[in-house]
Amino acid sequence: MQLASITDPTLQKPLTSVEVARIKADFEILEHPVAGNELVYLDSGATSQKPRCVYEAEQHYYETANAAVHRGAHTLAVEATDIFENARATVSAFIGAAPNELVWTSNATEALNLLTYSFSNASMGRGGEAAQRFAFGPGDEILVTELEHHANLIPWQELAFRTGATLRYVPVDQDGALRYELLDDLVNERTKLVAFTHVSNVLGTITEVQRFVQAARRVGALTVLDGCQSVPHLPVDVKQLDVDFMAFSGHKMLGPTGIGGLYGKAELLDAMPPFLTGGSMITHVDMERAEYLPAPQRFEAGTQRIAQVHGLATAASYLEETGMQRIAQWEEHLGHLLYQGLSTLEGVRVFGPKDATRIGTVPFEVIGVHPHDVGQYLDSRGIAVRVGHHCAQPLHRALGVTATTRASTYLYNTEEDISRLLEAVGSVREYFGV
Amino acid sequence: MNDLDQLYQQVILDHAKARNGSPLQEAAPGHRHGESHQHNPICGDQIKVRVELGENGNLDTISWEGEGCSISMASASVLADLATGLSREDFLDKLNVFREMMRSRGTMVPDEDILEDAAAFVGVSKFPARVKCAMLSWVAAEAALLAAQ
C-alpha cells in the first residue's frame, strides 16, 4: 500500500509538518545561521536549495565515472554515457515525455533561445521543406503574454526582428490576471506560435494551459510553455498538457546550476534545424557540409554537462519519491498562509488576483518603504526574499510599480517560516519610521 | 550599533525623506549646465541630476529627480547639500573621497570635515549590494558636470 501511495497521486496523503521537518534536514545550507538568525529561505523562485544527495551524486560521478560521453570505448566512457542517458530517462519520465524528446541545455533561457535560433535558421531555408513549418516572416504573428519572464519574451522579440514577424501579447488586467477573453481575437490565422508561462514567476498564479492550447490548435499554431516555475512545484505531464515545447530549469527544482531542459514533440524536434553545431551532433561531415543526428543529439553539440545532468536526475528522483502532488498541496497551503497573512498586515499591499490558484509565491509592497530596504531589513533577521522587478519589467509596469518584494516557498519551508516572515514584515514600517 | 542600524543611520533616513535638491530646477538662461540620467537595472532605481555652473565655473545649483531605495534617495539629498557652491576641483576631490569610502567595505574612518553627512554612508559600504545605490547620484553628478556647457 505504501508503494501505491507514491505512484498514484490520488492515494497520496498531504505532507505533514513532521515530514517537512525531515525534508528540511536534507538541506545542509538551511542549518547555517544568517546574520545570527536561523535562515528562513523564501527565495526558491529565484533558485532552490539542494539536498545533499544532489551534490553527492555529482561528487560520486567525478570520483567514479568521469569521462566524455558518446565517444571513446573505454570503461569510464561507457559508464559516463550510461549515467548521462539514464538521467535523460529519469527526467523525461518526470515530465511525462519520452527520452528522445528531452534536450539538455544550460538553463531554460538557453532552451528558449535554442528554439528561436533554430526557427531563425528555418526561416533562412535551413532544414529544407520539413522545417518550413518553423519558418517565420512578414505577416506571421508570435503571441506571448504580459506575464512573461524576460527569458520568454526577449528571444521572441529578437526572432520577430530577425524575420519580420509581428509580436503580439495577451495583456493582464490591473490585478495581473491574464485576459483570457481576448485569446479568441488575438489568436488568428496569422498566428504561428503561442509562447506562455505555466506559472507566473512574479505572481505565482497558474495559467489555464488548456485555453491557450485549444486556441493555438484551432489555427495550427505551435505552443511553447515556460515551465520554470511549474515543473519544480506541480505535477507536470507534457502529454496531458499537449504543448509542443516546454522549457524548464534544473536549479529551481533542487538540481545543480548550469543544467536545464527543452521538451519537444519528437516529430517536431527531428524536423528542426540545429542551433549550436559542432562535435557529437553529426552523422557525416565533408569539408563542404554535414549531416545531423536526430534529436536530442542534434541539439547537443560539444562536451555535455554530465555531472549536472546526473545531479538533476537525482533531484527529480528526490521530488518523485516525496510526491509532486503532495509537494503541490503543501505549497498551496503555504501560499494561502502567505497571501492571507500579508493581506491582513497594515500598510502592506499584496499583488495578484485574489481568487487565483497559485503556488507558494506572493509579491507584495510595504507602503512607503522601497523593496530594496524591505529586503535588507528582512535579511538582517535571517529571512531571504527577492526584491526588484524579477526579470518581468512589463508586468511590473502593468501593476503600476517598478519593483516588488517576493516571497516564494518550496517543499522545505515550514509554517514557522511563514510566521517569521509575517512578523518581520509587520515591523518594517516602524523601523523605517513610516 | 548593529550592521543594519549602521546602514540605516538616522541621518540617512532623514535625508531619504527630506530629498534636498529635488525636484529638478531649470537652469538660468545663459548659464552653463549639464545633466545625466543614471539607472540601476538590477532594482530599477533611477535618477536624473542637473548641475548648473556659475560664471566662475562653480557648481551653483545641483538638483535632481528620481525614485529608488532610501539609500539612493538619501545619497542624492546629501550630495545636493554638500556639493552646492563647490568649485569643480573641490567637487571632484570630494567625489574621490566618497568613492574611496564606498569601496572600503566599512574599513575607512571617514573625515567628517570633508564628507559631513555623507560620512554616514560608511555603514553602507559594508553591504556590497548597496554600494551602487549610494553611488548612483554621485556618478550622475559627475557625468552632468563633465557634460556641462
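Hi everyone. Let's begin with His70 of chain A: with 17 C-beta neighbours inside 10 Å, this histidine counts as partly exposed. The cut-offs put a residue in that class when the count falls between 12 or fewer, which would be exposed, and 20 or more, which would be buried. Before going on, please keep in mind that this is a predicted model.

So where does His70(A) sit? Look in the loop between helix H3 (52–64) and helix H4 (75–94) of chain A. The backbone there has something to show you as well: phi of His70(A) is near 60°, a positive value in a residue other than glycine.

Chain A has another residue to look at in this way, Asp242(A). Its phi is positive too, about 60°, although Asp242(A) is not a glycine. You'll find Asp242(A) in the loop between helix H9 (238–241) and strand E7 (245–249) of chain A.

Now for the peptide bonds. In chain A, the bond from Ala295(A) to Pro296(A) is cis, with omega near 0°. Pro296(A) belongs to the loop between strand E10 (290–292) and helix H11 (306–322) of chain A. Over in chain B, Ser22(B) and Pro23(B) are joined by a cis peptide bond, and here omega is about 5°. Pro23(B) is found in the loop between helix H2 (10–18) and strand E1 (33–40) of chain B.

Let's stay in chain B and turn to a pair of helices. Helix H4 covers residues 88–102 and helix H6 covers residues 128–147; their axes come within 11 Å and cross at roughly 160°. That angle is over 145°, so H4(B) is roughly antiparallel to H6(B). The crossing is left-handed.

Which residues of these helices meet? From H4(B) we have Arg88(B), Phe91(B), Leu95(B), Phe98(B) and Met102(B). Facing them from H6(B) are Val131(B), Ala134(B), Met135(B), Trp138(B), Glu142(B) and Leu145(B). Sort the residues of this contact by class and you get 9 nonpolar, no polar and 2 charged.

Last stop: where the chains touch. How many residues does each chain bring to the contact? Chain A brings 13 residues and chain B brings 11 residues. On the side of chain B that touches chain A, 7 are nonpolar, 3 are polar and 1 is charged.

Methods. Residues numbered from 1 in each chain as written. Chains lettered and ligands numbered in written order. Predicted model: local features only at pLDDT ≥ 70, side-chain atom pairs only at ≥ 80, totals over all residues. Contact = placed C-beta atoms within 7 Å. Nonpolar A, V, L, I, M, F, W, Y, C, P; charged D, E, K, R; others polar. Axes fitted to C-alpha atoms, helices over the stretch in contact; angles between N-to-C directions. Helix = DSSP H or I, 4+ residues; strand = E, 2+ residues; numbered from the N terminus. Parallel < 35°, antiparallel > 145°, perpendicular 65-115°, else oblique. Left-handed = near helix turned anticlockwise from the far one by under 90°.
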